[in-house]
Amino acid sequence: MKKIIVAIDGFSSCGKSTMAKDLARRIGYVYVDTGAMYRSVTLFALNHHLFNEDGSVKADQLEKLMPEVNISFKLNTETGRPDTYLNGVCVENDIRGMEVSSHVSPIAAIPFVREALVAQQQRMGGDKGIVMDGRDIGTTVFPEAELKIFVTASAEVRAQRRYDELKAKGAEANYDDILKNVQERDYIDTHREVSPLRKADDALELDNSHMTIEEQNAWLMQRFEQATK
């Protein structure tokens, strides 16, 4: 079977990462969570006090420190899924909290951040056999990808999923705050100047608002099999 690139894009909290991880594991492909890469840069910026009081980024300082940002993925043998490491330290849980979520969009809109991470992502996909999810995989990172999926769901459904996920981890969560964050991220992601979130012309759209994980996995597997014939 020929190896291809699977590009999965879509809005925040659509379950893209879970879907992409499950597909990669089933078909034996490498999985890359690009959202985790932008979240890792955000965590680095928070740790180095690179945000102003109004939430804007001290971009000049971050640009000087970007060479110190080393992001990698290592397989977690217990979960069977890759964990994210920032400069050798596992940050998988740290990057999923609300503080990072509420700061990641302005980081992801910075051209030099996107340029650095896109170059790294393109190197990762050099040999194909990769599943990558994010905001601009099918439009900017791999416009030549053989299978492109664009995932969407209502903001309310996505906020509820995020709320349930945080509560399950024992974290503090407020639904209204999460919904506001989801809506703000949607606006920033679709209106930024560099690589805004949009559906590629040749992408297949998947609205999973009312689908179970099993249903969406079956849908995705079917599209993968069609793309590799």
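Axes are lines fitted to C-alpha atoms, for helices over the stretch in contact, and angles run from 0 to 180 degrees between N-to-C directions. Two packed helices are described by the angle between their axes and the distance between the axes. Helices (H or I, at least four residues) and strands (E, at least two) are DSSP runs, numbered from the N terminus. This is a predicted model, in which local features need pLDDT of at least 70 and side-chain atom pairs count only at pLDDT 80 or more, while totals for chains, interfaces and linings use all residues. Residues are numbered from 1 along each chain as its sequence is written, and side-chain values use heavy atoms, with hydrogens and water left out.

Start with helix 8 (residues 155-168) and helix 9 (residues 175-191). Their axes lie 9 Å apart, and the packing angle is about 125°. That value makes helix 8 oblique to helix 9. Angles under 35 degrees count as roughly parallel, over 145 as roughly antiparallel, 65 to 115 as roughly perpendicular and the rest as oblique. The crossing of the two helices is right-handed. By definition, a crossing is left-handed if the near helix is turned anticlockwise from the far one by less than a right angle, and right-handed if clockwise.

Which residues of helix 8 meet helix 9? On the helix 8 side they are Ala-155, Glu-156, Arg-158, Ala-159, Gln-160, Arg-162, Tyr-163 and Leu-166. Helix 9 supplies Tyr-175, Ile-178, Leu-179, Val-182, Gln-183 and Asp-186. Contact means heavy atoms within 4.5 Å.

Met-98 touches residues of this region as well. Its place is in helix 4 (residues 98-101). Leaving aside neighbours within four places in sequence, Met-98 is in contact with Leu-166, Asp-177, Ile-178 and Asn-181. Met-98 and Leu-166 are 68 residues apart along the chain, yet their C-alpha atoms are separated by 9.0 Å. Met-98 is partly exposed, at 26% relative accessible area. Here buried means under 20%, exposed over 50% and partly exposed in between (1.4 Å probe, protein chains only).

Ala-203 is buried, with a relative accessible area of 10%. It touches Lys-148 and Phe-150, not counting residues up to four places away in sequence. Ala-203 and Thr-139 are 64 residues apart in sequence, with 9.4 Å between their C-alpha atoms.

Three strands form an open sheet in the order 3-4-5, with antiparallel pairing. Strand 3 (71-76) and strand 5 stand at the edges with a single partner strand each, so one side of each has no neighbour in the sheet. Two strands pair if DSSP finds at least two bridges between them. Strand 4 and strand 5 pair over two bridges. Leu-86 stands opposite Val-89 in strand 5.

Two loop residues deserve a look at their backbone. Asn-87 lies between strand 4 (81-86) and strand 5 (89-90). Its phi is positive, about 50°, although it is not a glycine. Lys-128 sits in the loop between helix 6 (111-124) and strand 6 (130-134). Phi of Lys-128 is near 60°, also positive in a residue other than glycine. Asn-87 is partly exposed at 38% relative accessibility, and Lys-128 is partly exposed at 35%.

Last, the cysteines. Cys-14 is buried, at 1% relative accessible area, and Cys-90 is partly exposed, at 36%. How many disulfides does the whole structure hold? The search finds zero, counting as a disulfide a pair of cysteine sulfur atoms within 2.5 Å.
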